[in-house]
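Q: I am new to this structure and would like to go through it step by step. Could we begin with the ligand and its surroundings?

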Amino acid sequence: MKISFIGSGNVGQALARLFAKAGHTVTLTNRHGKNSLTEIVQSLGKNVTAGDLTDAVNDQDLVVLAIPFNSITNLDDHLLQGQNVIDATNYFPQRDGHLVKFIDHEIASSQFVADYFKGSKVVKAFNSFGVKDLPSLVRTKGALDRTAIPVAGDDPLKQTVMTLIDQIGFDAYDDGPLATSFAIQADGPIFGFEATTAELKVKLAD
Ligand SMILES: NC(=O)c1ccc[n+]([C@@H]2O[C@H](COP(=O)([O-])OP(=O)(O)OC[C@H]3O[C@@H](n4cnc5c(N)ncnc54)[C@H](OP(=O)(O)O)[C@@H]3O)[C@@H](O)[C@H]2O)c1
C-alpha cells in the first residue's frame with residue numbers, strides 16, 4: 001500500500017520504519033516542507049520518501065494523522081475528503097487545552113476527528129502506548145507474547161488496518177466503534193498498557 005503521514009515526529013518515524021519494512025511505500029510530511037525531512041527519510045530506508053502536504057493526500061491508500069491533537073483543526077476540514085485515515089492522535093488536556101467535551105466524554109476524540117474531516121473514513125489505531133517500545137515488541141504471528149494494538153472504527157477500513165497491524169508484527173484488538181472508543185483514549189483504562197489480546201480482554205472486563 002501507499003501510506004502517508006501528516007506529522008513526522010516520534011509516531012510518524014516509528015510507524016514509517018515498520019510499514020516500510022513490511023514492503024509498503026511511505027511518504028512523510030510535516031509543516032516545513034520535504035527538505036526538512038531529508039535526513040530522516042534517508043535513515044528510514046528506500047521505501048520512505050519525504051513530501052509536502054499535497055503529496056500526503058495524493059494517490060494514497062492510507063493517511064496517518066500523527067500530529068498533536070491541538071493541531072488537527074489547523075488543517076483544512078476538507079483536506080482528507082475521500083481518504084482512508086488512521087488517527088494515531090491523543091487528546092491530553094495539559095497539552096491540548098481544557099476542553100470539557102473531551103474531558104467529560106461527550107465525544108470520543110477520534111469521533112471528533114472523523115466528524116471534523118468531512119468525507120473521510122477514520123480508524124483509531126497506534127495511539128494507545130509509546131511508539132518507542134514498538135520495535136522491541138514485534139513478534140511473529142502466533143507468538144504467545146505478541147502484543148495487541150487496539151483499533152476502533154465503523155468502516156470496513158478497520159479490517160485493512162488490522163491486517164496492516166498483523167503484517168508489522170502485532171495482533172490487532174477490535175475495540176468497537178469510534179463513538180465508544182473511550183477505553184483506548186489517553187484517559188482510558190488500557191492507555192499505556194502493552195499487553196496481549198488475552199490480557200487486554202481481562203483488563204477491559206475489570
Ligand atoms: N510519542 C508517542 O509515543 C505517541 C504514541 C501514540 C500516539 N501519540 C500521539 O501521536 C501524535 C503525535 O505524537 P508525536 O510524539 O509523534 O509528536 P511529535 O514528535 O511532536 O511530532 C509531531 C509532528 O507533527 C508535525 N505537525 C505538527 N502540526 C502539524 C500540522 N498542522 N500539519 C502537519 N504537521 C504538523 C510536526 O512537525 P512540524 O512541527 O515540523 O510541522 C511533527 O512532525 C500526538 O497526538 C500524540 O499524542 C504519541
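A: The shell around the ligand has 12 nonpolar, 11 polar and 2 charged residues. Please note that this is a predicted model.

Q: Which residues come nearest to the ligand?

A: Of the 25 residues around the ligand, the nearest are Ser8, Val11, Arg31, His32 and Ile67.

Q: What about Val11, then: how far is its backbone N or O atom from an oxygen atom of the ligand?

A: That distance is 2.8 Å for Val11. Val131 also places a polar backbone atom 2.9 Å from a ligand oxygen, and for Ala88 a backbone N or O atom lies 3.3 Å from an oxygen atom of the ligand.

Q: How much of the ligand's accessible area does the protein cover?

A: The protein covers 80% of the 890 Å² that the ligand has on its own.

Q: And where does the ligand sit?

A: The ligand sits in the largest pocket, whose volume is about 630 Å³. This pocket is lined by 29 residues, with Gly7, Val11, Ala66, Ile67 and Pro68 nearest its centre.

Q: Which helix gives the most to that lining?

A: Helix α1, residues 10–21, gives the most, with 3 residues. By class, the lining divides into 13 nonpolar, 14 polar and 2 charged residues.

Q: Changing topic, what is the volume of the second largest pocket?

A: Its volume is about 200 Å³. Its lining has 13 residues, and Arg17, Leu18, Lys21, Pro135 and Val138 lie nearest the centre.

Q: Which elements give two or more residues to that lining?

A: These are α1 and α7 (134–137). The largest share, 5 residues, comes from α1.

Key. Residues numbered from 1 in each chain as written. Predicted model: local features only at pLDDT ≥ 70, side-chain atom pairs only at ≥ 80, totals over all residues. Heavy atoms only, no water. Near = heavy atom within 4 Å. Polar contact = N/O pair within 3.5 Å; in protein donor to acceptor, adjacent residues only side chain to side chain. Areas by Shrake-Rupley, 256 points an atom, 1.4 Å probe, with all protein chains shown as cover. 1 Å grid on protein atoms, 1.4 Å probe; cavity = no way out; pocket = protein on both sides within 12 Å on 5 of 7 lines; lining within 4 Å. Sits in = over half its atoms within 2 Å of the grid points. Nonpolar A, V, L, I, M, F, W, Y, C, P; charged D, E, K, R; others polar. Points joined across faces, edges and corners; volume = space filled by probe spheres on them. Helix = DSSP H or I, 4+ residues; strand = E, 2+ residues; numbered from the N terminus.
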